[in-house]
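Have the sequence and the 3D view open as you read.

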Amino acid sequence: MATFADDTATLSSDPDPVRATEKLQHHSNLLQNRLEQWRIKVNPTKSSQVTFTTRRDIFPPVNLHNTHIPVKKEVKYLGLHLDEKLTWKTQIKAKRCQLERKLKNMSWLINIRSQLSLDSKLTVYKTILRPIWTYGIELWGYSKPSNTKILQTFQSKVLRMISSAPRHVSNPNLHNNFEIPYVTEVIRINTNKYKNRSTVHSNQLIRTLFNPSVDGLLKRLWPEDLAQ
């Protein structure tokens, strides 16, 4: 069980999806007994059941108080959108939409008509806009380049807005002149920082997060591949 504030997740892992579901159901039964003991009412329909797998099988539902917990293909937990295949595409698209809304509200502050200095505009981007998409970067950073490009396109757009650069000025020149790293570089830097903190953590489970434990059957990157 993973609990943070009022967000709680029950996790189960097994090569056999049926056994994994049976474990979840067993824990759900224990939880139901505890809820009844303490007279706590829970609405099962406000919870979600997600199976993280590349299989296309249909997995058994989990019940709480004789009610099916809704089965979904993605769920939002601690501000991260987790899809069933962990491609992070939903997460990145959600962040792009959030960034566009934020930029629309504050464009008057950093566009060509703004009286702010160039350094101040860059500071606005670094302190307000960039933290929006860097949240959870140690996890979603291994997403496909086609997904991370969505955020890179936004960053290039903002730098061009800030500088009022003409079309003949390339994006690499904008990044170099403003000393703004590309999204891929930010991913690498943050992942290495997280790895350095994790390897000396007092919790043994956290210390082993970056140990290679996944076979190479799937042609995809994993979080530990980013820490290089």
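This is a predicted model: local features need pLDDT of at least 70, side-chain atom pairs count only at pLDDT 80 or more; totals for chains, interfaces and linings use all residues.

Start with strand 5, which spans residues 74-77, and strand 6, which spans residues 80-83. These two run antiparallel to each other and are paired through four bridges. If you look across from Glu74, you'll find Asp83 in strand 6.

How many residues sit between the strands of this hairpin? There are two residues between strand 5 and strand 6, and Leu78 in this hairpin has a positive phi near 55 degrees.

## Ser114, in a loop between helices

Now move along to the loop that links helix 2 (89-110) with helix 3 (118-134), where you'll spot Ser114. Is Ser114 buried or exposed? Its relative accessibility is 13%, and buried means under 20%, so Ser114 counts as buried.

Who are its neighbours? Setting aside residues up to four places away in sequence, Ser114 touches Trp108, Leu109 and Lys121. Its side chain also reaches the backbone nitrogen of Leu116, at 3.2 Å.

## Ser143, in another loop

Ser143 belongs to the loop between helix 4 (137-140) and helix 5 (145-163). With a relative accessible area of 7%, Ser143 falls under the 20% cut-off, so this serine is buried too.

Which backbone atom lies 2.8 Å from a polar atom of the Ser143 side chain? That's the backbone oxygen of Thr87. Thr87 turns up again in the contacts of Ser143, along with Trp88, Ile92 and Thr148, once neighbours within four places in sequence are left aside.

How values were computed:
Residues are numbered from 1 along each chain as its sequence is written. Side-chain values use heavy atoms; hydrogens and water are left out. Two strands pair if DSSP finds at least two bridges between them. Buried means under 20% relative accessible area, exposed over 50%, partly exposed in between (1.4 Å probe, protein chains only). A polar contact is a pair of N or O atoms within 3.5 Å; within protein, one must be able to donate a hydrogen and the other to accept it, and residues adjacent in sequence count only if both atoms are side-chain atoms. Contact means heavy atoms within 4.5 Å.
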